[in-house]
Number of protein chains: 2
Amino acid sequence: MGVTRWLDDSEQEIWRAFVTAVEGLTDHFDRQLQRDSAMPYTYYEILVALSEAPNRTLRMSELAGARGSSRSRLSHAVARLEEVGWVTRRTCPTDKRGSYAVLTDAGFAALAAAAPGHVTAVRERLFDQLTPEQVSALGEISKAILAGLGCRDPRPPAR
Amino acid sequence: MGVTRWLDDSEQEIWRAFVTAVEGLTDHFDRQLQRDSAMPYTYYEILVALSEAPNRTLRMSELAGARGSSRSRLSHAVARLEEVGWVTRRTCPTDKRGSYAVLTDAGFAALAAAAPGHVTAVRERLFDQLTPEQVSALGEISKAILAGLGCRDPRPPAR
DNA sequence: AGGGCTGCGTTGAGCGTTCAACAAAAGCTA
DNA sequence: TAGCTTTTGTTGAACGCTCAACGCAGCCCT
């Protein structure tokens with residue numbers, strides 16, 4: 001492995017601004033949802049994914065894959081969402097290992113109630129702060145980052 | 001309150017890309033630090049802040065303020081860092097309420113050991129993926145977002 | 001000096017995430 | 001078919017964060 005390529009002053013400044021902005025945004029959105037709709041952002045995303053799926057139903061693994069979430073995380077999350085009555089589980093008839101997560105009417109209603117506040121927050125804190133050029137640049141930047149994250153570093157698994 | 005200004009298709013696409021990219025980045029950096037240096041990113045930031053402070057010492061509240069962290073969070077974090085031996089607390093002689101957090105030699109060493117891997121990850125996954133124009137655009141965008149987050153919404157506190 | 005108010009830091013409970021371990025079903029190979 | 005590997009999903013412990021509540025010290029005011 002080679003020598004570390006440290007960040008110069010300008011890069012450091014950009015990095016700090018980026019980190020702080022991202023922390024601030026996620027914090028803001030998370031608090032808004034928690035305060036106004038009693039759900040963390042992650043759960044909001046789960047509800048969104050289910051609401052867009054045919055029959056408002058998805059296999060656990062599909063749901064985990066769609067978001068970058070781990071199976072364990074999803075299992076815990078769905079357990080919680082089931083307690084609250086926003087999601088139910090159904091076992092899969094063709095593959096007895098699998099199970100479905102289904103959005104209930106109450107879950108859909110909770111999502112519908114939460115969406116306006118969330119979208120408004122996103123618009124106010126993100127889109128309204130940027131020029132149209134910056135918005136499209138942010139899109140390109142995000143896609144470039146995503147491309148750089150996909151399946152790299154073909155090191156053999158640690159164990 | 002007015003009508004919700006929903007996101008159009010293009011905005012939705014940008015928003016999803018942004019969210020996924022940010023989640024992917026933070027996940028990647030957090031795992032890298034946890035795996036290679038046994039510390040979460042948040043703790044890394046605390047160590048950095050202390051290492052840059054005079055005498056490697058900061059008041060708890062200054063430390064909390066520097067990062068956007070709550071007092072409670074910092075208190076828990078420093079307690080943990082103290083257990084590991086990377087930080088110690090000293091009571092403030094002039095203000096007996098206050099306490100100092102001090103980076104130990106072991107803490108400095110841990111930071112020095114962690115930094116190259118972390119910086120390399122940041123460079124590879126962020127800076128190397130973007131053109132110089134995109135990098136500077138990202139800086140401007142981050143600053144605009146930060147400006148939009150500062151002390152807004154002068155609604156009276158909920159209670 | 002006495003009586004608030006404010007600010008600093010800590011504490012404990014609750015929650016969400018991670019990690020490692022596991023059970024059960026499916027698939028694969030001989 | 002028997003034996004292995006892989007896939008799917010769950011579980012429990014450990015950890016970090018949040019929130020509300022608290023103890024304590026400084027401050028201000030009369």
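Analyst: One caution to start: this is a predicted model. Ask away.

User: Why is A:Arg67 called partly exposed?

Analyst: A:Arg67 has 18 C-beta neighbours inside 10 Å. Buried takes 20 or more, and exposed takes 12 or fewer. The count of 18 lies in between, so A:Arg67 is partly exposed.

User: Where is A:Arg67 found, and which residues does A:Arg67 touch?

Analyst: The loop between α3 and α4 of chain A holds A:Arg67. Leaving out residues up to four places away in sequence, A:Arg67 touches A:Glu45 and A:Ala49.

User: What span does helix α4 of chain A reach, and what is expected?

Analyst: Helix α4 of chain A runs over residues 71-84, which makes 14 residues. From first C-alpha to last, α4(A) reaches 20 Å. At 1.5 Å a residue, 20 Å is expected, so the value is close to the expectation.

User: What makes the buried residues of α4(A) line one face?

Analyst: The buried residues are A:Leu74, A:Ala77, A:Val78 and A:Leu81. Seen down the axis of α4(A), they fall within an arc of 100°, so they line one face of the helix.

User: How do you know that the span of α6 of chain A agrees with its length?

Analyst: Helix α6 of chain A covers residues 132-149, and its 18 residues should span 26 Å at 1.5 Å a residue. Its end C-alpha atoms are 26 Å apart, so the two agree.

User: Which residues of α6(A) are buried, and what do they pack against?

Analyst: A:Leu138, A:Ile141, A:Ser142 and A:Ile145 are buried. They fall within an arc of 105° seen down the axis, so they line one face of α6(A). They pack against α1 and α6 of chain B. On the other side of α6(A), A:Pro132, A:Glu133 and A:Ala147 are exposed.

User: How many residues does each chain give to the contact?

Analyst: Chain B gives 44 residues and chain A gives 43. On the side of chain B, α1 (9-37), α5 (105-125) and α6 (132-149) are the elements that give two or more residues. The most come from α6(B), with 15 residues. The side of chain B divides into 24 nonpolar, 11 polar and nine charged residues.

User: Why are β1 and β2 of chain B called edge strands?

Analyst: Three strands of chain B form an open sheet, in the order β1-β3-β2 with antiparallel pairing. β1 (57-59) and β2 (87-91) each have a single partner strand, so one side of each is left without a neighbour in the sheet. The twist averages 30° from one strand to the next.

User: What makes β2(B) and β3 of chain B a pair?

Analyst: A pair needs at least two bridges. β2(B) and β3 (residues 99-103) have five, in the antiparallel sense, so they pair. One example is B:Arg89, whose bridge partner in β3(B) is B:Ala101. Helix α4 (residues 71-84) of chain B packs on the sheet and touches β2 and β3. Its direction makes about 115° with that of β2(B).

Methods
Residues numbered from 1 in each chain as written. Chains lettered and ligands numbered in written order. Predicted model: local features only at pLDDT ≥ 70, side-chain atom pairs only at ≥ 80, totals over all residues. Helix = DSSP H or I, 4+ residues; strand = E, 2+ residues; numbered from the N terminus. Axes fitted to C-alpha atoms, helices over the stretch in contact; angles between N-to-C directions. Contact = placed C-beta atoms within 7 Å. Nonpolar A, V, L, I, M, F, W, Y, C, P; charged D, E, K, R; others polar. Arc of directions from axis to C-beta.
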